[in-house]
Amino acid sequence: MNKFLTSSIGRKIVMSLTGFFLIIFLIVHLSINLSLFWGPNAFNEASEFMATNGVIQVMQYILAAGFILHIIQGISLELKNRSARSIKYVVNKPSENSTFASRNMIYTGILVLLFLILHLWDFFVQLKFVGIGNLTDYELVTNRFSSPLFTAIYVIAFVLLGIHLSHGFQSAFQSTGANYNKYKKCLKYTGIAFSILIAVGFSAIALYFSFIN
Ligand code: HEM
């Protein structure tokens, strides 16, 4: 098992499986957060359901493990690629052979990780461990966006996440999909559409509550 996880193909498969899992998490998380637009009752009810449902509670641990594995394997894959790339070719035009997103996966990934640490502190830790006093979950979330700096950091992070996903989505299929070549173009465009949906969907929430606050 250890040998598989440290082999080049093993690393890629772990990256793509955990990547799929995180893609599903993002769809669920965005759907729940969009209920903020339906007003306090809708969001507080969704939040209550997430906090009490047994399946969701178990999934949270699996989610945390998925994130950690994805990050560790991502960093180790990057380090391995770097050492393999230490002999540089003279005729190498990266901009012609790869995209901005694919060349910068490690950087967009690290920046999204920094956002995630901040984000868990802002909401998850406050709700689960610190306590939010008289505020409802809806008020906690919407009040945060009254700060333009907070909103700006969040929107920048969502754009970076979108760039990360625009390569990550199709890459996840490439590493595991047997029929990848047949659907290459379709997956590429689906990946781009998905990335835009995630970046725009989360940003719309941040910007809307920033403007009405
Ligand atoms: C406008 C955008 C977002 C809002 C308003 C938001 C809101 C929240 C809230 C309220 C929680 C606490 C849920 C609870 O514990 O009951 C939470 C948790 C979390 N968020 Fe976000 N989130 C946003 C974007 C994101 C993005 C883009 C990511 C991933 C890159 C993310 C990852 C997480 C994770 C991993 C957790 C902890 C697990 C969980 O409680 O579901 N969030 N978020």
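**Exercise 1.** How are α7 and α9 oriented to each other, oblique or roughly parallel?

*Solution.* The model under study is predicted.

Step 1. Two packed helices are described by the angle between their axes and the distance between the axes.

Step 2. Helix α7 covers residues 105-130 and helix α9 covers residues 148-176; the two pack at an angle of about 140°, and their axes lie 9 Å apart.

Step 3. Angles over 145 degrees would count as roughly antiparallel, and those of 65 to 115 as roughly perpendicular.

Step 4. The crossing in which α7 passes α9 is left-handed.

**Exercise 2.** Identify the residues through which α7 meets α9, and describe their classes.

*Solution.* Step 1. On the α7 side, the residues are Met-105, Thr-108, Gly-109, Leu-111, Val-112 and Phe-115. On the α9 side, they are Ala-157, Leu-160, Leu-161, Ile-163, His-164 and His-167.

Step 1. Sorted by class, this contact of α7 with α9 has eight nonpolar and four polar residues, and no charged residues.

**Exercise 3.** Describe how α2 packs with α9.

*Solution.* Step 1. Helix α2, residues 8-34, packs with α9 at an angle of about 130°, with the axes 8 Å apart.

Step 1. This angle makes α2 oblique to α9, and the crossing of the two helices is left-handed.

Step 2. From α2, the residues Lys-12, Ile-13, Met-15, Ser-16, Leu-17, Gly-19, Phe-20 and Ile-23 take part. They meet Gly-168, Phe-169, Ser-171, Ala-172, Ser-175 and Thr-176 in α9.

Step 3. By class, seven nonpolar, six polar and one charged residues make up the contact of α2 with α9.

**Exercise 4.** Where do the buried residues of α8 fall when seen down its axis?

*Solution.* Step 1. In helix α8, residues 137-144, the buried residues are Asp-137, Tyr-138, Val-141 and Thr-142.

Step 1. Viewed down the axis of α8, these buried residues fall within an arc of 115°, so they line one face of the helix.

Step 2. An α-helix has 3.6 residues a turn, so residues three or four places apart point the same way.

Notes. Residues are numbered from 1 along each chain as its sequence is written. This is a predicted model: local features need pLDDT of at least 70, side-chain atom pairs count only at pLDDT 80 or more; totals for chains, interfaces and linings use all residues. Axes are lines fitted to C-alpha atoms, for helices over the stretch in contact, and angles run from 0 to 180 degrees between N-to-C directions. Helices (H or I, at least four residues) and strands (E, at least two) are DSSP runs, numbered from the N terminus. A crossing is left-handed if the near helix is turned anticlockwise from the far one by less than a right angle, and right-handed if clockwise. Two residues are in contact if their C-beta atoms, placed from the backbone, lie within 7 Å. Ala, Val, Leu, Ile, Met, Phe, Trp, Tyr, Cys and Pro count as nonpolar, Asp, Glu, Lys and Arg as charged, and the others, Gly among them, as polar. A residue is buried if 20 or more other C-beta atoms lie within 10 Å of its own, exposed if 12 or fewer, and partly exposed in between; C-beta atoms are placed from the backbone. The arc is that of the directions from the helix axis to the C-beta atoms. Angles under 35 degrees count as roughly parallel, over 145 as roughly antiparallel, 65 to 115 as roughly perpendicular and the rest as oblique.
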